[in-house]
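Work through the exercises below with the sequence and the model side by side, and try each task before you read its solution.

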Amino acid sequence: MAVHPITLRVNGREYSGQAEARKTLADFIREDCGLTGTHLGCEHGVCGACTILMDGEAVRSCLLFAVQAEGADLKTVEGLADGDRLHPIQQAYWDHHALQCGFCTPGFLMTTVAFLRDNPRPTEREIREGLAGNLCRCTGYQNIVEAVAAAAEALASGAIAQAAAPHGVVPRAAVPAPLPPARAAAAVDGIVRRARRRRKAVAVKKTSKRQRKRSR
Ligand code: FES
Ligand code: FES
């Protein structure tokens, strides 16, 4: 099968390689870039373990082909810490015991980075809605919600924003200001709509799978 040249940036470093058109971005990141912090769980867009930032937006790398990321700027979990110093969101997860086996954690962290950038002062409900697309089989979610709330508080302090700045993961404001109510409501509506669409897509997939099984 034909291969295609691919050049992209991950965590500020350029990577070049070749991939068949069918190779997922997640596999390219893990196999060609050697960055195995991005995990693969379901491989069909449900669990969120493979979440990364692509040009600043949280995406599921198992649902993208590597060729679609040609020229893109990616951020993976490896790009969060500054040497031995954890990113404030990682530190909050650590402090609040927001992980057990840790398999889901890279995806949760990257989702949290994008979520808190867009909604720096979320309510508990907004946090739950914002993370609704990520699945964890261990924690029961409560500690994750507490970690995200703590990270939001930490990021609101100038010192922490400064700590995050070298990684470019909190790029929109050094000290986040509250969103205007209309924008906050629109953002939450968007999150809820996307979560509903995802749930619907999963339900449709399950139904057609059942139907296929019955018709065999
Ligand atoms: S591995 Fe990508 S969403 Fe589950
Ligand atoms: S910590 Fe084990 S799946 Fe989330």
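A residue is called buried if 20 or more other C-beta atoms lie within 10 Å of its own, exposed if 12 or fewer do, and partly exposed in between, where the C-beta atoms are placed from the backbone. The model is predicted, so local features need a pLDDT of at least 70 and side-chain atom pairs count only at pLDDT 80 or more, while totals for chains, interfaces and linings use all residues. Residues are numbered from 1 along each chain as its sequence is written, and chains are lettered from A and ligands numbered from 1 in the order in which they are written.

**Exercise 1. The whole chain**

Solution: Next come the elements, which are DSSP runs numbered from the N terminus, with helices (H or I) of at least four residues and strands (E) of at least two.

**Exercise 2. Helix H1 and Ile 29**

Task: find which residues of H1 are buried, and describe the surroundings of Ile 29.

Solution: The buried residues of H1 are Leu 25, Ala 26, Phe 28 and Ile 29. Seen down the helix axis, these buried residues fall within an arc of 170 degrees, so they line one face of H1; the arc is that of the directions from the helix axis to the C-beta atoms. Among what covers the buried residues of H1 are strand E1 (3–10) and strand E2 (13–20).

Now take Ile 29, which belongs to helix H1 (residues 25–32) and is buried because 26 other C-beta atoms lie within 10 Å. Two residues are in contact if their C-beta atoms, placed from the backbone, lie within 7 Å. Leaving aside residues up to four places away in sequence, Ile 29 touches Val 10, Leu 35, Thr 38, Ser 61 and Thr 76.

**Exercise 3. Strands and loops**

Task: say in which sense E3 and E4 run, and decide whether Asn 11 is buried or exposed and whether Asp 55 is buried or exposed.

Solution: Two strands pair if DSSP finds at least two bridges between them. Strand E3 (residues 51–54) and strand E4 (residues 57–60) run antiparallel and are joined by 4 bridges, with Thr 51 opposite Arg 60 in E4. E3 also pairs with strand E5 (residues 73–75) in the antiparallel sense, over 2 bridges, and there Leu 53 stands opposite Lys 75.

Asn 11 lies in the loop between E1 and E2, has a positive phi near 50 degrees although it is a residue other than glycine, and counts as buried because it has 21 C-beta neighbours inside 10 Å. Asp 55 lies in the loop between E3 and E4 and, though not a glycine, has a positive phi of about 50 degrees; Asp 55 is exposed because 12 other C-beta atoms lie within 10 Å.

**Exercise 4. Helix H3**

Task: check the span of H3, and find how many of its residues are buried.

Solution: The expected span of a helix is 1.5 Å times one less than its number of residues. For the 14 residues of H3 (residues 105–118) this should come to 20 Å, and the end C-alpha atoms are 20 Å apart, which agrees. Finally, 12 of the 14 residues are buried, so H3 is largely enclosed by the rest of the structure.
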